[in-house]
Amino acid sequence: KEIHGEKVDGWLNKIFWGDNLQVMSHLLKEYRGKIDLIYIDPPFDSKADYKKKIELKGKKVENDQTSFEEKQYADIWTNDEYLQFMYERVLLLRELLSETGSIYLHCDWHRVHLLRCIFDEILGSRNFKREIIWTLPGVSGYKSLVNSYVRGHDTILYYTKTDNYNFNKE
């Protein structure tokens, strides 16, 4: 854990390093039911492998990570692994969320339909408030050189914990 800045109203900025499941479990002791806003941008299950490839003096080198580190940065899962990964985390997110809190899940077309089912089960379908479409800049729905539609947006699912939630208009 790293702490930054000065205390403001009893709050310090903190950065926690580690597996988010373990970090959230640790946070429950102090913050259960106290978090008003959660925004998560989990892996999308895009089947992308984010290994670093570096070329130095004409020689290609790939990063040499342990299998544990590679698992954290590769977005390649079986369907069951991914859904279990997300289910366990959403359970903890619900416990951290205050009674008036909101949660926003950033995802894409790969698993949005399944993630919505998980959120409906854990937070309740009545607490689904909105599907927000985030249009990606510079992308249109069709290009003549492609054999299909071009991905032009991500999705943000907006849920609350209860019907007694805060929503502050800008």
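Modeller: A pocket here is an open set of points for a 1.4 Å probe on a 1 Å grid over the protein atoms alone, with protein on both sides within 12 Å along at least five of seven lines, and lining residues have an atom within 4 Å of a point. The model is a predicted one, in which local features need pLDDT of at least 70 and side-chain atom pairs pLDDT 80 or more, while totals for chains, interfaces and linings use all residues. Residues are numbered from 1 along each chain as its sequence is written, and side-chain values use heavy atoms, without hydrogens and water.

Two elements give two or more residues to this lining, strand E3 (35-40) and strand E8 (97-107); strands are DSSP runs of at least two residues (E), and helices of at least four (H or I). The most comes from E8, with four residues. The lining consists of four nonpolar, five polar and one charged residues, where Tyr counts as nonpolar and Gly as polar. The space in the pocket is about 150 Å³, a volume filled by probe spheres set on the grid points.

E3 and E8 also belong to an open sheet of four strands, in the order E3-E8-E10-E9 with mixed pairing; strands pair if DSSP finds at least two bridges between them. E3 and strand E9 (128-135) are the edges, each with a single partner strand, so one side of each has no neighbour in the sheet. On average, neighbouring strands are turned by 15 degrees against each other, direction ignored. E9 pairs with strand E10 (residues 153-160) in the antiparallel sense over seven bridges, and Thr135 stands opposite His153 in E10.

Helix H4 packs on this sheet, touching E3, E8, E9 and E10, and its direction makes about 5 degrees with that of E10. Such angles run from 0 to 180 degrees between N-to-C directions of axes fitted to C-alpha atoms, for helices over the stretch in contact, and contact means heavy atoms within 4.5 Å.

H4 (residues 112-123) also meets helix H3 (residues 79-96): their axes come within 10 Å and cross at roughly 35 degrees. Among the residues making this contact are Tyr82, Met86 and Val90 of H3 and Leu115, Ile118 and Phe119 of H4. By class, the contact of H3 with H4 has twelve nonpolar, one polar and two charged residues.
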